[in-house]
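Me: I have a structure to go through and would like to ask about it bit by bit. Can we start with the loops and then move on?

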Amino acid sequence: MEAALEELHAESFGWALACCDRDRTLAEDVLQAAYVKVLDGRAVFEGRSSLKTFLFGVIRRTAMEHRRARWLDAGGLLRRLVAPPSVAVVADPELEVLSDERSRALAGALERLSRRQKEVLHLVFYQDLTLDEAASLLGIAPGSARRHYDRGKARLRRLLGEDRRG
Amino acid sequence: MSEDDRDLRDRFVRLRRHDAGRTPAFRAVLERSSRPRVPLALAAAGLAAVVLAALLLARWPRTAPAHDVALAQARALSSWTAPTDGLLELSVLEIPDSLPNLSLTSLAIPELTTPATTSGDSR
């Protein structure tokens with residue numbers, strides 16, 4: 001199982017980054033916790049889907065748990081009270097290191113979509129999953145995934161268009 | 001696939017390449033030690049303890065009152081009079097110690113005559 005996880009590692013890290021709003025430290029924490037869950041049997045692969053889909057589901061759930069824990073984390077709460085989060089996406093350090101202008105614009109625009117839209121678009125365009133696979137991974141109906149996909153794509157184009165004009 | 005879709009896919013491919021170049025090693029992720037976090041409940045308990053300690057310290061008597069101070073306080077208390085004590089002094093108003101003698105010499109009180117009752121039955 002460890003070898004199979006290692007084979008999917010790069011894609012898993014990309015998905016973890018997407019689930020953690022491109023927070024690299026959080027993504028690494030989430031990925032480690034997800035790997036440990038799979039390896040110690042707390043998350044069992046029953047073969048009903050591909051290993052990639054199963055692992056991505058574990059990563060997504062783990063990211064949700066970590067985000068919740070981080071929200072309740074006293075240090076995080078204090079930071080939010082002292083300095084409320086900025087709307088400006090360029091403040092994201094992970095975005096700063098994106099040397100490619102087009103990738104930076106995409107990552108910034110993705111952060112302004114709803115979580116569902118962002119997840120569906122990432123799974124389809126970045127991970128090359130089909131819409132049905134994305135729907136199954138996210139636990140939503142295919143029709144609902146299609147709606148998020150269409151609306152997300154339209155919004156993303158608008159945002160990228162604004163970016164080009166700006 | 002439309003032109004817009006191709007543009008989006010191209011952007012995602014570039015982003016994936018960028019991420020792939022910065023992916024940490026599998027072993028490093030598996031064996032990393034995550035940053036310890038302070039749970040909110042623990043922080044709240046700590047804060048409550050600090051506030052309680054501060055309150056106790058603020059209310060705690062700093063030094064025992066000195067003997068002289070205690071004596072002065074006792075004297076001040078013993079000579080204290082209520083502000084309404086003056087109301088109880090009757091220097092102007094005297095209360096007579098006997099009843100006044102009322103002689104009714106000028107007042108003639110006619111004698112009352114009771115009508116005589118007729119004897120016998122009216123029936």
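**Working through the structure**

Reply: Let us start with Asp21(A), which sits in the loop between helix 2 and helix 3 of chain A. Keep in mind that this is a predicted model.

Me: What is phi of Asp21(A)?

Reply: Phi of Asp21(A) is near 55 degrees, which is a positive value in a residue other than glycine. Most residues other than glycine have a negative phi.

Me: And is Asp21(A) buried, exposed or partly exposed?

Reply: Asp21(A) counts as partly exposed, because its relative accessibility is 27%.

Me: Where is Asp128(A), then?

Reply: Asp128(A) is in the loop between helix 8 and helix 9 of chain A, helix 9 being residues 131-138. Asp128(A) is not a glycine either, yet it has a positive phi of about 55 degrees. With a relative accessible area of 47%, Asp128(A) is partly exposed.

Me: OK, helices now. At what angle do helix 2 and helix 4 of chain A pack?

Reply: Helix 2 (residues 9-19) and helix 4 (residues 51-72) of chain A pack at about 35 degrees, and their axes are 10 Å apart. Helix 2 of chain A passes helix 4 of chain A in a right-handed crossing.

Me: Which residues make the contact?

Reply: From helix 2 of chain A they are Glu11(A), Ser12(A), Trp15(A), Ala16(A) and Cys19(A). From helix 4 of chain A they include Lys52(A), Leu55(A), Phe56(A) and Arg60(A). By class, this contact of helix 2 with helix 4 of chain A has seven nonpolar, one polar and four charged residues.

Me: Which residue forms a salt bridge with Glu11(A)?

Reply: Lys52(A) does, and the closest N and O atoms are 2.9 Å apart. Glu11(A) lies in helix 2 of chain A and Lys52(A) in helix 4 of chain A, so the pair ties together parts that are 41 residues apart in sequence. Glu11(A) is partly exposed, with a relative accessible area of 29%, whereas Lys52(A) counts as buried at 15% relative accessibility.

Me: Which side chain meets Glu119(A) in a salt bridge?

Reply: That of Arg116(A), at 3.5 Å from N to O. Arg116(A) and Glu119(A) are three residues apart in helix 8 of chain A, so about one helical turn separates them. Arg116(A) is partly exposed, with a relative accessible area of 27%.

Me: Last topic, the two chains. How many residues does the contact take from chain A and from chain B?

Reply: The contact takes 47 residues from chain A and 31 from chain B. Chain B and chain A bury about 3,800 Å² between them, 55% of it on carbon and sulfur atoms.

Definitions and conventions: Residues numbered from 1 in each chain as written. Chains lettered and ligands numbered in written order. Predicted model: local features only at pLDDT ≥ 70, side-chain atom pairs only at ≥ 80, totals over all residues. Heavy atoms only, no water. Axes fitted to C-alpha atoms, helices over the stretch in contact; angles between N-to-C directions. Helix = DSSP H or I, 4+ residues; strand = E, 2+ residues; numbered from the N terminus. Left-handed = near helix turned anticlockwise from the far one by under 90°. Contact = heavy atoms within 4.5 Å. Nonpolar A, V, L, I, M, F, W, Y, C, P; charged D, E, K, R; others polar. Buried area = accessible area lost by both parts, 1.4 Å probe. Buried < 20%, exposed > 50% of the residue type's maximum accessible area, 1.4 Å probe, protein only. Salt bridge = Lys/Arg side-chain N within 4 Å of Asp/Glu carboxyl O.
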